[in-house]
Structures are given as structure tokens and as C-alpha cells.
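Please go through the questions below with the structure in view.

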Amino acid sequence: VDGRRRAATITAGAQRRPELRALAAPLQLVAARARCRPTRWLWPVLGLTLAVAFACGVAAESTIAGDRAARATLAALDPLQRAVTVTYQGPAGAAVDRRARALLARLGLPAVTRTVLLNPVRLSGRVVRLAGVEPAGTAVEPAGAVVGPVVGRSVGRCRPRACPVLLVGGTVGQRALRAPGVRITIAGDGRLRSAAPLGFVPTAHGQPLLVSGDVTGVAALPALSSVYRTDSWVSVPRLTGLHSWELAGFERRLTRAQAGLAPAGGLSLSAPTDALRSARDRAGAAPRRLLPAGGGALAVLAMFLILAAYGLRRDQQVERERLRAAGARAGQLVAFSLAEAAWVAAVAVAAGAALGIGVAALLAAQADLPAAAVLSHSLLTASGAAALAGGWVIAVAVIGAVLLASGARLADGLAVAAAAALALALTVGGGNDGTLALLAPPLACLAAAGLVYRAAGVLLRGGERWSRGGPPVIRLALVGLARSPVAPALAVAFVAVSTGLAGFALGYRATLQRGAVDEATQAVGLDARVGESADFARPLEMATASRWRALAGPGSRVLAVRRTDASLPLNGDTTTLPVLGVPAVGLTAIRGWRAGDGSAPPATLAQRLAPRGPVRTPGPTVPDGARRLTLRVQAPQGEVQLSADLRGAQGAITQVALGSASPRPHLARARVPGRGGPYELEALEIALPTGVQALNGHQNAENPAAATQSTTTVRLGAVSAGGRSLVGSWRGWRAVGAAEVAGTARAGITLRFANSGQPGVLRPRQPSDARPVPVLTDPATAAGAGPGGELPLTVDGEPVTARVVGTLRRFPTIAAGGPGFGPRTADRAPGGDA
Amino acid sequence: VDRDSVLGLLTALLGAMRDVRAERDLIVLGLSPRQLQRELRARVLAAGTLGTAIGLLLAALLTRLVVGAVQAAGAVAVPDPPLVAIAP
């Protein structure tokens, strides 16, 4: 049996050997041709090498772009958003402290700031919050929290008999606060550099926050042991040091640490996992930006490869004819062509990969990234190797098809495939992640290439007929092109696709740049925008207008813009609109206008907005050197709060409290600020006392019945400052908001004040009381305007009649998609603190 | 893309555009080398002009895809103001 088997095997081997020899012959011929004249494949190899190197470069650049996008996202985070915080509810002992620190240390996080934050507590009649932050010095970056004249060690340890603290928010008005068993001394002022340690930055006008540098001392104050507190250990990692490919690992470690904390242990961990996820998403999306350019370039290079391979088709045909004459079978002819295509593609792919790795290293070096890391996360990966292998197979197929298939059929197949993909992209491109929309341009080009290739022959023949009466050289050239149109048609298709994609690339770049500029101007309008600070200080409170102009530099425009809201009854409902007061002359300085953005050019709109007369009636001027403002007041039916709005020389409004008006008539006093004058009395404001307001608010919110309505009479006498009467007669004054004039006497005025929760304002009559204020608004709001284009607005509680003098489709700093907007002259803004 | 265009243009027009058999026929017909050069230049010019004209038309059509491509690329999440296609 064994002998028979062996004989059968030998017979089968003998039959296969001639087949193998027959297949080996074309391979030997390929090798001989390569040795004899390797340069014949120079152009296809060059084209494919460039295509592979370009693809490698795009892959590396994708990784770099993703890393940049992730780091930009992380760089925009403030310390609070980056903070990794371990929290313990309740009094924490040394064991808890060790556990929390060990947890953060295991995560490889930098310096830890420990904090304890007590709930509000009443000390010496003042409600304050007490906190401990350790270390509190400026040297701890960035979670070291307190910046001030006195820090950490110099403040001293917190003991029950003397606990020195810094006041980092609010005002206290005394240097020591006491309660039975504790004495807290305010050693100085400070401010929190970041919100990370305590989770917030206190405002200057908010609840006082007292910070000690001794966490243990604060936590151990026996008199405050019953006050609820939160212990935290905060570390603020520099997330920008993380590369996009490290984010997932870091996030995983944080999540594991969160999951590893037993709920019963009392510790909890909060980490910026959302921010990390967002950064990873940005990193994942960034490479898609390269798809249009990368896909386009690869399409052009593919066309180049086809063109170059076609140039060798004639040489191949001659060789195949020779082989056929020598008795070669069809399989041997195909094997010959494919083998030659395979080695050409292999050489080109290898050369392209080597070149691509070099390009990737250069790109990484330019981006200040470690080349090895970029390569190991882009090209030197399993998917990179698979992509190269796939590229080799596709290249062999394309070159083989060019060498063996009919040119027309190939072009038809290419065009049909590209057109089908393009149709799919245009149909579902918006519904998926947009990848198909990105590939639409290259696909459109490939489809167009097929069409151009098929049409070029016809066009060249038409050209030949058209040139029959022309110069002989032109006729000869066109006859030559028309007689053998395949190669010229390929060249024409290649040039057309290259030109089309170049045009698309330029348009893509120009559109992207214009979009970025438009977005920037939409967000800012000019070069920079200064807004309220973290503690709500307005720009004109931080510096004078002339100081802002000096900071902007010579020749720069500084526009004081008033921003507020207005309500407008529209279509049976009340709509809240953002309102901007922009100096009319500054309208033309605002950048980013498009032709269709306004109903008229900016200069025309600015003319329409320009005031037709005085825009403001000034109030009486407070004499220089006056220290106090006095006002005789009486509120027979109940107490109300009074304040005076003083307009400084730079236009900033300072509100000073005059105290309360009660049933007993008395002289209310307010201190005139020492700096920023001379002042004018812009208005007097009446409001309910804070406690009454809160009570009314609760009652009205919790009571299903209609809100309570009541009015209080307020009598105001003469206003004086520095021994001089400021207001001789109240006749030229108007009450708006929750106040209305009930009557005027020789030197006094009686107001009816509605307890609506809104303030009442008494101010000189303004031009806007008599004539409408010109505004620009969006077309929808303008369509709802009354006769004469008038809009009955309520701005900051005051009725203002506006007249629409033009429409805008958009305006810088107003978000798209919201309700309308109405930029108008700043000086007319109610309250006038523009 | 621009560099590829230049490279491809040179290769395509100077390489693939040459027809050795046609050149041989023209020599037989008595064309001088200078006339042959002019004939080749005319070929390149004709094919290049045709390709460029079609390419410009294609670029104009592709401009309609620019806004979609920029938005799909995620360069701007929700552009405000909306993007407008800019022709180069």
C-alpha cells in the first residue's frame, strides 16, 4: 500500500512540475527585464512612491493634528476644570488624610492642596465662611490658592484663642470676629488665584470668605465643631503635557480610582473625565480635516500612476506578443504582467513607506513632538502595516488593469464606481459623521476623470475638424492627437483633475480662513473685547475710558458698549431680546460685515442711528469737595431702601446707599466717593428692603394665588451736597419702573412705589422720553414693529420706545439663533453707564 | 495638489504626449527638427488648454462642495456666522 501511495505521489508531482516550470518562466523573464533595464518602470515607481509617502505623511499629520487639537482643548481648561479632587464629607482625621494623599500619589498627580471649607457661620453678628487652604503660598502652582500680602506661615497657626486669617472675599468691617470659644483675626486681604481649591472664587460683594493657612487648626476649632464642613485634597495636573494617545490611559486610571473608592469609606473622587473625553473626541475628529486635501492628492497621484503605467503598456504589449509567438499560454501572459506589476508595486510601496517614515519624523520634529511616539501611533502599527499591504494589492490591481484591460473599459469602470460613491456621499453625507462629504470632492474628480477620458477623444477629433483651415503645424498636431487619442485623453483627464482639485484646495483654504475670521469678528467685533471680571467689576469700574484708549494704543478705536436685555410684547407674548448700545460712529469700525448682513451699508446704518439732538439731559452736578449727599425722606406706609446713582467724569455709574426711608421723616445721607469725580446725580433708586423682597418672593412663589399687590408712598425733599441744594425743583424729573409721581410741591416730590420686586427710578426727563430711539434689529423683530416701525421696549425696567431704522441678519457678539437684537447709540442706554 | 499638478503636467504632456510612430511619419514627410518641435509644442498646448479649461469648470463645480467639506471636517462645530464658499 505504501508503495502504491508513493508511486501516486511521484506521478502527481511529475504532473505539477511542468506547470510550476511554466509559471516560473514568466517570473524569470520579469527578473531578467528588471536586471536589464530597471529604469523602464521609473515613472510608475516614482508615482506610487510619492503616493505612499504622501499617504504616510497624511497619517502622521493626522496623529499630530489630533494631538494638537486635544492639547488645545485641554489648554483652554481653567484650573477648576482640570482639578482632580478627593472629597470627604465631615471631619477628616490623619488616616483619611493619608488615604486621600496616597490615592492622588498613585495616580501620579503633582502637589496636593488640602482644604477644609465650613458652612456659613455667624461670628460677631456677621455671616461668614471659614476655610483652610494648605499650602496657601504663591509658590504652589497652580493649586496654591491664595495670593496676598500675608500667606501661610506668616499668617500663623489657627488656635481657638487666635486664628489669623486672610479676607479673600466680601467685606467684614472689623478686624476680629468672635464667638464663644473662638477668636478670628483678619490679618490682611488676599484673593484666590483660582477656583480649584474651594470650587469657587468669592466676589468682592459676596459673602465674606476667611482663609487660614492652617487646615488642621481650622478643622480642630472646638467652638465650630458642629458646623458642617467638607475636606478636600486637590491636585491640578498640567493636562497639556498629555499627548492625545495618552488620554485614554489617564482617563482609565482615573475611572478605576473612582470605582475603587468604596462608598462606605466616605471618600469620593471627582476628575476632569468629561474634559478628557472631549479632548479625545477632538483628537479623533481632527484627522478628518485632512481627508479632503489628502484624498484629493491621492486621487491625483492615482491618476498619475495610471498615466505612467499606461506609458509602459505598449512595451508590455510588445513583450506579450513575443511570448505568444514563442508559444506562451494565456495564463503565462497574465502571470508575466501581474508579476511585473507586483514587483514594481512592492519596490514603490517599500520606498514610499521609508520616505513616509522620514517625512513623519520631520513633521513630528516640526511640531515639537517625539518622532518615535508619533510613528508608533501612526505608521508603525498593525493597522499601518495592513494599510500598506492593502495599498500594495490595490496598486498591483491598478497597474495590472492598466496593462491588461481595455483603456475604455477601465475608465468606464472607474467613472461608474466613483460616480456611485459620489452619489452615496451626497445622499447620506450629512447624516453620518461627514466622512463621505469629505471624500466627495476626490470622488467627484475621479468620476469626472472617467468622463473626461471618454470625451477627450471626441473633443480632439472635433478640434481636428475645426482646425482644417488653420496653420499646418496646428493641424498636424491636432490630427496626431485625434489619430491616437488614448494617451492624450489620459493626459487631458489628468490635467483637468489636477486643476479641479487645485481649485478646490484653494477654495477650501480660503473658505476656512474666511470662516475663522468671520467667527473671530462675530465673537469680538474689533481687536479685543473687555468684559466683566470674575467679581463682576465692569470695564469702566476697572479703568477709565481714557486709560482703555491709552492701553489700546494710538490710532485704535475703543468703543464703550452697553449690553443689557429688553422685553418686547410680540405676537401676544413677551420676548426677551439682547440689547446693545453701540456708539453710532463706531458702527463702521466693526469688522466682519458681509454684503448681505444689513439692509444697507454700515455707513448708511450708522447715519440712521446717529442722534438728531442731545441724547441725554444731565443731572445736577455734585460740587467739588462735597463729601456727603443728603436727602430728606419719608415713607409713611412702610420702609423702602434709597440709593443715588452718581455718574463719574468717565461715565461710570457708582451707586451709593442713602439708607432707608421710614414713617418718621429724616435726613438720609450717602458718602460721595473721593475719586472719579466730579459726579452728577444721575438718578435716585427706590427698592424694597432685601429681607422684604426675599419674603415677598417666597410668598409669591409658593402661593398659588396671584402675587400680592401693594403700594407705598415715598416723600422726598431737597437734595443737598456740600451745603448746596442740588435739586431746586423736582418738576423736570420723571419716575419710571416701579415708581410714579403722585404730586410735586415747591421743593419736594411724592412718589407712589409699587412693591413689585422691581426698583423705581426717579431721574431727569430724557430726550428718549419724548422721541423714539433709533435701533437696528433683526428682520423678524422688525416685522413685528408697529406703525412707523416703533417697538415698545422695556429696558432695565424702563419703558423705551424704539424706532426700527434698519435690519441686520447678524451682529457681532449676539449669538445666532436667538431672538432679535437692537444695537443703538450707547449714550441713550437707560442708566447711561455705557 | 499644486505640486502634483505641475509634476503630472510635465510628465503627461512631455512623456505620454509623444507619439514616436507619428513623429517617424512626419520625418518621412519631410518635416525638419524645428517643425517637429513646433508640432510637439502645439500638441502640448492643445491638450494642456483643453485639460485646464475642463479643470477650471470642474473647480467651479467643486466649489459647491467646499462648505460641506469644511463643516464635515469639524474645523468649526456650528459656524456662526454660517460659512460662505469663497472662490479662490
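**How the terms apply**

Q: What makes Thr87(A) count as buried?
A: Thr87(A) has a relative accessibility of 14%, and buried means under 20% relative accessible area, with exposed over 50% and partly exposed in between (1.4 Å probe, protein chains only), so Thr87(A) counts as buried. This is a predicted model, in which local features need pLDDT of at least 70 and side-chain atom pairs count only at pLDDT 80 or more, while totals for chains, interfaces and linings use all residues. Residues are numbered from 1 along each chain as its sequence is written, chains are lettered from A in the order in which they are written, and side-chain values use heavy atoms, leaving out hydrogens and water.

Q: Where does Thr87(A) lie, and with which residues is Thr87(A) in contact, leaving aside its neighbours within four places in sequence?
A: Thr87(A) is part of strand S1 (residues 84–89) of chain A, where a strand is a DSSP run (E, at least two residues; helices are H or I, at least four), numbered from the N terminus. With those neighbours left aside, Thr87(A) is in contact (heavy atoms within 4.5 Å) with Thr230(A), Asp231(A), Ser232(A), Gly266(A), Leu267(A) and Ser268(A).

Q: Why are H9(A) and H13(A) called oblique to each other?
A: Helix H9 (residues 290–311) and helix H13 (residues 382–404), both of chain A, pack at an angle of about 40°, with their axes 9 Å apart. Angles under 35 degrees count as roughly parallel, over 145 as roughly antiparallel, 65 to 115 as roughly perpendicular and the rest as oblique, and H9(A) and H13(A) are therefore oblique.

Q: Which residues make this contact of H9(A) and H13(A)?
A: Leu305(A), Ile306(A), Ala309(A) and Tyr310(A) of H9(A) meet Val398(A), Ile399(A), Val402(A) and Leu403(A) of H13(A). By class, the contact has eight nonpolar, no polar and no charged residues, where Ala, Val, Leu, Ile, Met, Phe, Trp, Tyr, Cys and Pro count as nonpolar, Asp, Glu, Lys and Arg as charged, and the others, Gly among them, as polar.

Q: How many nonpolar, polar and charged residues does the contact of H16(A) with H3(B) have?
A: The contact of H16(A) with H3(B) has eight nonpolar, one polar and three charged residues.

Terms used. Axes fitted to C-alpha atoms, helices over the stretch in contact; angles between N-to-C directions.
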